[in-house]
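Hi everyone, thanks for making time for this one. I'd like to walk you through a structure I have been looking at, so let me put it on the screen.

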Amino acid sequence: MDIGIVELSRLQFAMTAMYHFLFVPLTLGLSILVAIMETVYVMTRRPIWRQMTKFWGTLFGINFVLGVATGITMEFQFGMNWSYYSHYVGDIFGAPLAIEGLMAFFLEATFVGLFFFGWDKLSRVQHLVVAWLVALGSNLSALWILIANGWMQNPVGAQFNPMTMRMEMTDFYEVLFNEVAQAKFVHTVSAGYVTASVFVIGVSAWYLLKGQHVALARRSITVGAAFGLASAFSVVLLGDESGYSATHSQKMKLAAIEAMWNTEPAPAPFTAFGFPDQEARRTHYAVHIPFLMGLIGTRSLTTDIPGINQLVNQAEGRIRSGLIAYEALMTVREQRDATPPEVMKTFETHSRDLGFAFLLKKYIDNPLQASQEQIRMAANDTVPEVWPLFWAFRIMAVLGFGFIATMAYFFYRASFRGMRYPRWALWVAVVMIPAPWIAAEMGWFVAEFGRQPWTVDGILPTAMSASSLSVTELALTLFGFIAFYTVLFIIEMGLMLKYIRKGPYIDVAETDDWLRARQEVLAPVARTAPTAIPAE
Amino acid sequence: MILHELLSYELLRIIWWLLLGVLLIGFAVTDGFDMGVGALIPFVGKSDVERRIAINTVGPVWEGNQVWFILGGGAIFAAWPPLYAVSFSGFYLAMFVVLASFIVRPVAFKYRSKRDDATWRNAWDWALFASGAVPALLFGVAVGNVIQGVPFHFTADLHSVYEGAWYTKFFGLLNPFALLSGVVSLSMLIMHGAVWLTVKAEGSVQGRARAIGSVAALVAVIAYALAGVWMAYGIEGFRIAGHYVTDGPSNPLYFQVERTASWFTAYGERPWIAIAPLLGIGGGLLTFLGLRARREVSTLIVSKLAILGVIASVGLTMFPFIMPSSSDPKSSLMVWNSSSSHLTLFIMLVCAVIFMPIILAYTAWVYKVLWGKVTDKDITEHSHSVY
């Protein structure tokens, strides 16, 4: 297969997926924050909470629509650009995608219309239920897509079928309760909650700096900080859980993230800083923290974490074993049901390494004719490029701890300092708005770039997964997506800013009604211009 | 796991073939009117308020309707992986155009009325037109090509390869029969969108929709009948040759396929399937009459039946073929050789049986809540919250 086509397909997938994920985290978190605000409204009947629900709901809507639009590309891109992948693992990978549609997309998309259009058509409680269903749908969709993605990282519950030349599901429960998928799900939705909290706090801080919409801003910060603090803890904790599960499922990825060239005596040190040098297989100016890596990765003091060099040697062994499986597969394909049982047995013994033999397809059409040199090259290919992973991971981790600190600070001020914030803190909150997006994109980069050279870890190499397209087709669509997405991004940002500048829509009549109904209770406070501080 | 063997592999394949049809029909009768309305916006609405009425008839529901499209993609991936792999990589650029339409459309709905600027709104109106009309046409074109067979083959590794350079691959899709099929789907969805507008709108918007819808219904019936005659006399069919099993492994290379004089031999073997094309034609004619008689709600049902008939007629005529190959017939995809494994089909069926009724129930509830006409007053009084 033409490597140019594989690289273009990768570029296109990376671009469209990362672009899609600009919108997803805010949808995940803001849907819940909006539902929380509406819950407070329904419980207290205070108009300010309805205004908050509607205001953040509008921003949610602008963001949601692009999440939906760019998600459509993702659903079809596997078939368009990765048709061999789709054929090879569709039997397993397609199922969570279809269930995502059945269980999650229908729910969120059907009710999101009612959320925006149903204010006058539904009772308060009905509308609240609708808001929660939208949030539930969004979050369920994350569950299923991460079950699908988790399977690419840790392909459990499936087996190669030589009759159909593809992987087939053997155990649905294993796919469902894949430990990698479960850790990734909580990690990812928590990241979404942090994103939305940072967004809500940042925009509100901007209002406070400008002295606008103070009532809305203060309350929003309180909700955001409480929700954000819990989520920031969860995102770091579950990130750690992902690291732990990677120790047994994706050893190479873990070693590459840590730039751990050789197996270190347990418990291994953690490299906090350094410049990984792939060619020399060492890290320059490394700063180590003793024991930490061993503790994170194995939660023990005595278990080794294998280094890159050791894993390459293992890969070479698996390529040789894979070649035995490949040779047997050729016979099975030829003779089908008439295959001699001993050949079938050989195939079954070695079939778990079949994917490693496919690594040779990059160098030679028939892997059985590969030279020793090519086998060594293919084994070396199992090491992803180390320095981008090393750095992307550290940026993400530092930001993660930064979120805990920020959220803790705002939560403290909101709870114990009468919702008053120093100006510097408000500026920090504003400047911080892009940070969760950077962290999220870094996280996906680490997860997916670190999976290379595989699309499905140890099963199917990326170089074999693409469709047989022409460079022209890929260039046309890549250019099309870039042009298209750029325009949409500009429009989206423009509208977001417009609606943030415009601020909440204040229903004066409703606020007045509310104040009038509570005149006695509020009499000492509300004597001065009732609508100036609506329902404060 | 033994549970999945309660249902035979053959039966599961037939069920999933039916569900494929249900998804396509579900998509066409729900998102179909969204596309139809989109394509009609510049013509049924002269003023901004009129156009907003048309847009808001589908405003709260298009998002849910569009999920039929996404679910279609997901379900084909899960139940028919080779079909998913071959069709979307084969119809590559056409698929890109469809995706582009489905990306523009949500954005156009959502953003159009967020600025009070005639140029801005007019641009989005044409975006809505294109994102409705273009996929409506291309879906028919795709079906037209599938009926004629698509030039692809499988390698020994089951890598699918589409014959020809990228331009023949794309422009080759736009052949005369496929374009006629495109006219069928475009006019059918415009008819459906127009009927929807007569149900949900009043006054001049309703009047224009009625006029355009009547013409579209007649065009759809005529084009469909012509395509049928063409298919009967001008297009070769496919047939499985030799001995075959219906519950064997899903490997397209295990079958032998030969060409036949016409797909219509199916009507000799299974005469009862004629009910589908009759429903298509009858439904189209009744839609025309219903529109003239101003029986909006019953016409909407008839229009749905017409769409059901047309889509079902294609599937039933081609059975068991799903996507035949014109250049290498033995690579053809059919019900017996391109499904998922026995276990996956069973698990997906369980999921569908659980969730489809739930989806239908809450969708029906949402439509009920939103039932009623969209009026001038709705637009002017809620100008800041509606589309």
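Predicted model: local features only at pLDDT ≥ 70, side-chain atom pairs only at ≥ 80, totals over all residues.

If you like to think in boxes, the C-alpha atoms of chain A fill one of roughly 90 × 50 × 40 Å along the principal axes.

Among the strands, please look at S3(A), residues 270-277, and S4(A), residues 282-289. They run antiparallel and are joined by six bridges. Phe270(A) sits opposite Ile289(A) of S4(A). Between the two strands of this hairpin there are four residues, and Arg281(A) has a positive phi near 55 degrees.

Now to the contact between the chains. How many residues of chain B are in contact with chain A? The count is 63, and they meet 63 residues of chain A. On the chain B side, at least two residues each come from helices H3 (62-79), H4 (81-90) and H5 (92-111), from strand S2 (160-162), and from H13. By type, that side of chain B divides into 43 nonpolar, 16 polar and four charged residues.

Let me zoom in on one helix pair. H3(A), residues 83-117, packs against H13(B), residues 342-369, with the axes 10 Å apart and an angle of about 10 degrees. Angles under 35 degrees count as roughly parallel, and therefore that is how we describe H3(A) and H13(B). From H3(A), the residues involved include Ala95(A), Ile99(A), Met103(A) and Phe106(A), and H13(B) brings, among others, Met348(B), Cys351(B), Phe355(B) and Tyr362(B). The residues of this contact are 16 nonpolar, three polar and one charged.

Last stop, chain B and its record. An unreviewed UniProt entry places "transmembrane region" features on chain B, including residues 272-293, 305-323 and 343-367. What does the model show for two of these spans? Residues 272-293 of chain B are 86% helix and 0% strand, with the end C-alpha atoms 31 Å apart. For residues 305-323 of chain B, the figures are 74% helix and 16% strand, and the end C-alpha atoms lie 25 Å apart.

That's my tour, and I'm happy to take questions.

How values were computed
Residues numbered from 1 in each chain as written. Chains lettered and ligands numbered in written order. UniProt positions renumbered as here; feature names shortened; annotations may be inferred. Axes fitted to C-alpha atoms, helices over the stretch in contact; angles between N-to-C directions. Parallel < 35°, antiparallel > 145°, perpendicular 65-115°, else oblique. Contact = placed C-beta atoms within 7 Å. Nonpolar A, V, L, I, M, F, W, Y, C, P; charged D, E, K, R; others polar. Pairing = 2+ DSSP bridges.
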